[in-house]
Structures are given as C-alpha cells and as structure tokens.
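Please take a moment to look over the sequence and the model shown below before reading on. The paragraphs that follow go from the domains to the core and then to single residues.

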Amino acid sequence: MIRTFPAALMILAVPAAAAAQGSLNFYNWSDYIADDTLSGFEAETGIDVNYDVFDSNEVVEARMLTGSTGYDLVVPSLEFMARQAQAGVFQPIDKSQIPNYDNLDPEILRIVSANDEGNTYGVPYMMYSVGPGYNVAMVEERLPDADMDSWSLVFDPDNAAALADCGIALLDSPSEITAAALNYLGLDPTSEDAGDLEQAMELLQGIRPHIRYFHSSQYINDLANGDICLAVGYSGDILQAKDRAAEAGQGVEIRYTIPAEGAQLGFDMMVIPADAPNPEAAHQFINYFLQPQVTAAISDAVFYANANKAATDLVSDEVRTDPGIYPPEETLAKMYSAKPHSARYDRSLTRAWTALKTGQ
C-alpha cells in the first residue's frame, strides 16, 4: 500500500531488455521493503535485482495492460490483480519452485482465493487497511469534540473545513476513496450502481474545497514533518510516518485508526507477468521472501501485516500487537474487501474522479 523515490521513477522506460540470466526486474510499491531484503536475496542467490517503484494501482494496471513490461515480478493489489489475470497478463505461479509456500496461512489463502481461484496467479506479499491518520495535537486543537474513531473526521464538511488550514490529503486512488465514502454512507462499498456512485461523489465534492492534494505516497513525509494534519492512506504508510515523526524527536504525534464504521482490508500480491524475461528468478525471490525471518523483517520495516504464519512469532511486539496493523476480531468483522470493477464502471469512476480532482 506504501507504500520514497522521485516521481519520475513511476514512468521509467521498459527495464533493460537484456534481462540476463541471473537478473530480476522487480516492480513494487514505494516504501514497501526492508533495507536489506534485496541485498540479502542477491547474496543468497547471486541474482542481481533491478528495482523500480510505483504508488498507485492505476499506474501498474496501465503498465501491465500495454504488454512487454520487461518485469519479472510485480505487486498489484488483489482486486486489480484479479481483473488483470482475466486479461491474460500473468502466468500461473509454479508452486513446485517455491518450497516455502507452505509457510503461508491457509485461512489467508482461502480469503484471497475468492479473487484468485486456486491461488493460481498471486502470492500474498502484505496486508493493509485504508483509513485516516492524523496529527494528534493539530486535530485536537481544531476539533476538540470530534469523534476521532469515525469517518466523519474526514467526510463531515464542517470537520474538513476546520482542518483545511493545517492540510488534508487523500489517496489518489478512486476505487479506495470511493469505497470508503460508500461505506460511510451505509452503502455497499463494492457497489457499481450509478446512483450509489453519484451519492459518493456528492459526499466527496462536499469536502473537496478543503483537500490540499491527492497523492498516494507524499503524505508519509508530510505527516511525519507536520506539513499536513490529516491523510486518508494505507495503514503501514501512516504508521511509517508515525515512526519517522518519533525518530525526529520534534514532538509530532501521529495516530492511525480503523474507523468504527469499518474500512477496507486489502492484500498486495506478488505476480509474474506472462512475458517475464526471467520467471525463474521471480520464483526464487518469492521463495526467499517466504522465509519467516525475511517476511518478518519486512513487516517490521514497513509496518504492514503479512500472511506468513511461520513469521508471526518473529514480528516485533510493536508491530504484532498494533491493532492498526493486526486488527482484532471485532474490528475485522466490520471490514470489507474490494472486488474487481467492470470496465464499464471503471470508466464512469475515472470520469467522476477526474471531475472531483479538477474541481469540475
């Protein structure tokens, strides 16, 4: 989800076509890996890694559907992966090449299989939720009586107006922000009904004058530095901002919450493009990643939950006991998962989102 590299990296030309024996071209979310993951893989396997990053599913989808990506391993979110798999852009995972596959939690695999029958095309990377993160002092100063555990903190126009001066950011992710709005309105967050979409956009238009920007990674540092006071983002990204703020020692306290009305529970999946130059290297990385100590180190570094049951006891107490990372059962009961959108609905959503962002 986060999830920082220059924006130009998101539009890099196709990676070096000469994907030589022993090279892995890896396309992943920004801020979404431990410092030593790639170097550890290179040392263990002798495979060089070319690592590019993105910060939205829409960027990845455009890249995947054009074909000839040059990548061996990509990490889209589950609902986008499911639609792309239907378009034939991925090759099946060869589980015989992944001895550590058995470390994955069978229950998580069961949930994921609803969008990837037989767990054919994807292997879970990390799990995330989408919710609000905020600067405690700034928000409480402006809204001392607000319910901090409700989506009304974001979607109530009066609250948004009160926070406009200190800065509000939303993910540049039409599917995830619209789903949150639908859920807040008591509607099906996976609805493709035109009337439901119109209601969600009316809600978002009501707070649009108070939104400083839409971006899917900038808010991490901006929250940590006190440059904005509220962001709707990916759980781990906001918790990374919390950690960076604490390390800076400037008294900035960041809090992430899964609102009482519920929030999206998502999965990012490792997939191998159909035209991958080196699928063997991709399988080797997946197997390396599924070593418990490797997975646990990434969870600790990026503040996201993982699906590796053998890694759970190795994850730090700070991460494993944080309800924003590993939600308790009563919270999970209120959460929802996204579904692949139809092409027709996606066109309507894209038009509505463009109008929202441009103020039309």
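What distance separates the centres of domain 1 and domain 2, taken over C-alpha atoms? The centres are 26 Å apart. The model is a predicted one, in which local features need pLDDT of at least 70 and side-chain atom pairs count only at pLDDT 80 or more, while totals for chains, interfaces and linings use all residues. Residues are numbered from 1 along each chain as its sequence is written, and side-chain values use heavy atoms, with hydrogens and water left out.

The domain assignment gives domain 1 as 5-127 + 267-325 and domain 2 as 129-264 + 338-358, the bounds coming from an automatic or database domain assignment. In the interface, 21 residues of domain 1 are in contact with 27 residues of domain 2, where contact means heavy atoms within 4.5 Å. The size of an interface is often given as the accessible area lost when the parts come together. Here domain 1 and domain 2 bury about 1,700 Å² between them, 46% of it on carbon and sulfur atoms; this buried area is the accessible area (1.4 Å probe) that two parts lose on being put together, summed over both.

Polar pairs also cross this interface. Between domain 1 and domain 2 there are 8 residue pairs in polar contact, both residues being at pLDDT 80 or more; a polar contact is a pair of N or O atoms within 3.5 Å, of which, within protein, one must be able to donate a hydrogen and the other to accept it, and residues adjacent in sequence count only if both atoms are side-chain atoms. On the side of domain 1 that touches domain 2, the elements giving two or more residues are helix H2 (57-66), helix H3 (78-86) and H13, and H3 supplies the largest share, 4 residues. Helices (H or I, at least four residues) and strands (E, at least two) are DSSP runs, numbered from the N terminus.

Side chains of opposite charge can pair when their charged atoms come close. The structure holds 9 salt bridges, each defined as a side-chain nitrogen of Lys or Arg within 4 Å of a carboxyl oxygen of Asp or Glu, and the rule finds 2 salt bridges across the interface of domain 1 and domain 2. Arg 83 forms a salt bridge with Asp 346, with 3.2 Å between the closest N and O atoms. Arg 83 also meets Glu 61 in a salt bridge (2.6 Å, N to O). Glu 61 lies in helix H2 and Arg 83 in helix H3, so this pair ties together parts that are 22 residues apart in sequence. Both Glu 61 and Arg 83 are buried, which means under 20% relative accessible area, with exposed being over 50% and partly exposed in between (1.4 Å probe, protein chains only).

A further salt bridge joins the side chains of Arg 244 and Asp 31 (2.9 Å, N to O). This pair links distant parts of the chain, with Arg 244 in helix H11 and Asp 31 in the loop between strand E1 (23-29) and H1, 213 residues apart. Arg 244 is partly exposed at 25% relative accessibility, whereas Asp 31 is buried at 13%.

The largest nonpolar core has 120 residues, and those with the most contacts inside it are Leu 24, Phe 26, Tyr 219 and Phe 285. Such a core is a set of buried Ala, Val, Leu, Ile, Met, Phe, Trp, Tyr and Cys residues joined through side-chain atoms within 4.5 Å. Its largest share, 7 residues, comes from E5. Domain 1 and domain 2 both give residues to this core, so it lies between them. Leaving aside neighbours within four places in sequence, Phe 285 is in contact with several residues, including Leu 24, Phe 26 and Met 270.

Helix H13 has as its buried residues Val 294, Thr 295, Ala 296, Ile 298, Ser 299 and Val 302, and what covers them includes helix H1 (37-45), E5, H11, H12 and H14. Just after H13, Phe 303 takes a positive phi of about 65 degrees. Most residues other than glycine have a negative phi. Phe 303 is buried, with a relative accessible area of 8%, and is placed in the loop between helix H13 (292-302) and helix H14 (317-320). Asn 119 likewise has a positive phi, of about 50 degrees, although it is not a glycine.
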